[in-house]
Amino acid sequence: MNQMEKMKAYVRINDIKQDVELANVPIPDIMADQVLIKVKAFGVGIHDRYFIPNPIDYPYVIGSEGAGVIKKLGESVIGFEIGDRVIFTTVLQPQGGSWAEYAVSKYTSLIRMPDEMTFAQGSAVPIAGKTAIESMRELNLNKGDHLFIAGASGAIGSLVIQLAASKGIHVSASASRGNHKYMESLGADKSIDYKDTDWINKIKTWSKGGVDAALAIQPGTGIHSLKVVKEGGKLITVSGDNVMTERNIEVKQMGHEEETRHKIIQMVSDIVEGKINLIIEDEYPFDDALKALEKTETRHARGKSVVIL
Ligand SMILES: NC(=O)c1ccc[n+]([C@@H]2O[C@H](COP(=O)([O-])OP(=O)(O)OC[C@H]3O[C@@H](n4cnc5c(N)ncnc54)[C@H](OP(=O)(O)O)[C@@H]3O)[C@@H](O)[C@H]2O)c1
């Protein structure tokens, strides 16, 4: 493929203006350990507009995750062929992201997509899947423990509810009332409305004095989530909340310490086998990608939104 060939892509045009625009940009070139992917679908995340490396040349193609077909291999790539269907990530890459007709990814981060999986499903897995897996690792709960999840009907919460319930953990979760049956269908034992002024007491009563751990997914939910954790328990914050501890509770911001690829491969297989329900609220056509971004930015999406090319 000629480096000067162009593709359609959603880009940020500078580091000041946060608008995202549809543009014609060169198809990116690959390095020895990378592949060029014809993008078939990409996942939409609240961070997509803002996750830009610095310094970087503009226009910069946004996006962090996708699914597609390998079109070109770098000379040191092993284990993958042209035509393979793959799930990929592009987080903060100098060559740009996944919101384009073509994207670049390191072969070591690729995940082979099972035939039974659609590109839409594949593109919805990497970021929410990795965050859910890392949340479970940080929570480190056992069968019979009690968990509270703040903001649980979004992409991450929808997965954490299922991962926790399948381990025999008792799950309580917050969202607006319209999402309570949905969260219970995924395995939550107790739902509360974050607008209910008595929700903290309700969770403490349900957990007989306080949960073993809380996962604060939504920004700003950490402080109140701490109140439902029992003495000596744990609070993990996913969105950078800085919370002062009390009552010997371990408070931690979620980190990325461990290679999770093998666990995401397992998650992909569990999705195909129907053990995990991957919820995609909406599939948008490429031309409506900005509508998908705006919906995600409302922080009221159910599960994941994806864009199909
Ligand atoms: N640390 C990491 O590696 C990492 C990775 C990915 C994402 N993140 C962060 O995780 C968050 C995104 O999570 P997501 O995509 O799963 O979901 P999301 O779409 O951002 O959140 C949706 C959920 O939050 C609930 N919610 C909305 N306003 C709330 C409030 N004021 N209090 C409590 N809950 C509220 C929604 O309920 P209703 O719809 O019923 O109102 C729904 O359950 C972002 O802040 C993102 O930056 C972190």
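Colleague: Leaving aside neighbours within four places in sequence, what is Ser207 in contact with?
Modeller: In this predicted model, Ser207 is in contact with His146 and Ser172 once those sequence neighbours are set aside.

Colleague: Where is Ser207 found?
Modeller: Ser207 sits in the loop between helix 5 (199–206) and strand 12.

Colleague: Is Ser207 buried or exposed?
Modeller: Buried, because 22 other C-beta atoms lie within 10 Å of Ser207, and the cut-off for buried is 20 or more.

Colleague: Change of topic. How is the protein chain divided into domains?
Modeller: There is domain 1 (6–125 + 278–308) and domain 2 (128–253). The contact between them takes eight residues from domain 1 and nine residues from domain 2. On the domain 1 side, the residues that touch domain 2 are four nonpolar, one polar and three charged.

Colleague: And what distance lies between the C-alpha centres of domain 1 and domain 2?
Modeller: The two centres lie 30 Å apart.

Colleague: Where does the ligand lie relative to domain 1 and domain 2?
Modeller: Between them, because both domains give residues to the shell around the ligand.

Colleague: How many residues surround the ligand, and which are the closest?
Modeller: The ligand is surrounded by 27 residues, and the closest are Gly151, Ser153, Gly154, Ile156 and Ser176. By class, the shell has 13 nonpolar, 13 polar and one charged.

Colleague: Which helices each supply at least two residues of that shell?
Modeller: Helix 2 (126–139) and helix 3 (155–166) each do. Helix 3 gives the largest share, three residues.

Colleague: Let's stay with helix 3. How many of its residues are buried?
Modeller: Helix 3 is mostly covered, with 10 of its 12 residues buried. Among them are Ala155, Ile156, Leu159, Val160 and Leu163.

Colleague: What span should helix 3 have, and how far apart are its end C-alpha atoms?
Modeller: At 1.5 Å a residue, its 12 residues should span 16 Å, and the end C-alpha atoms are 17 Å apart, so the two agree. Just after helix 3, Gly168 takes a positive phi of about 80 degrees.

Colleague: Another glycine. Where is the place of Gly96?
Modeller: Gly96 is in the loop between strand 6 (85–89) and strand 7 (102–106). Gly96 counts as buried because it has 28 C-beta neighbours inside 10 Å.

Colleague: What does Gly96 touch, not counting residues up to four places away?
Modeller: Gly96 touches Pro28, Tyr60 and Val61. Tyr58 is 38 residues from Gly96 in sequence and 9.7 Å away in space, C-alpha to C-alpha.

Colleague: Now the protein chain as a whole. How many helices and strands?
Modeller: The protein chain has eight helices and 16 strands. Of its 309 residues, 47% count as buried.

Notes:
Residues numbered from 1 in each chain as written. Predicted model: local features only at pLDDT ≥ 70, side-chain atom pairs only at ≥ 80, totals over all residues. Near = placed C-beta within 6 Å. Helix = DSSP H or I, 4+ residues; strand = E, 2+ residues; numbered from the N terminus. Nonpolar A, V, L, I, M, F, W, Y, C, P; charged D, E, K, R; others polar. Domains from an automatic or database assignment. Expected span 1.5 Å × (residues − 1). Contact = placed C-beta atoms within 7 Å.
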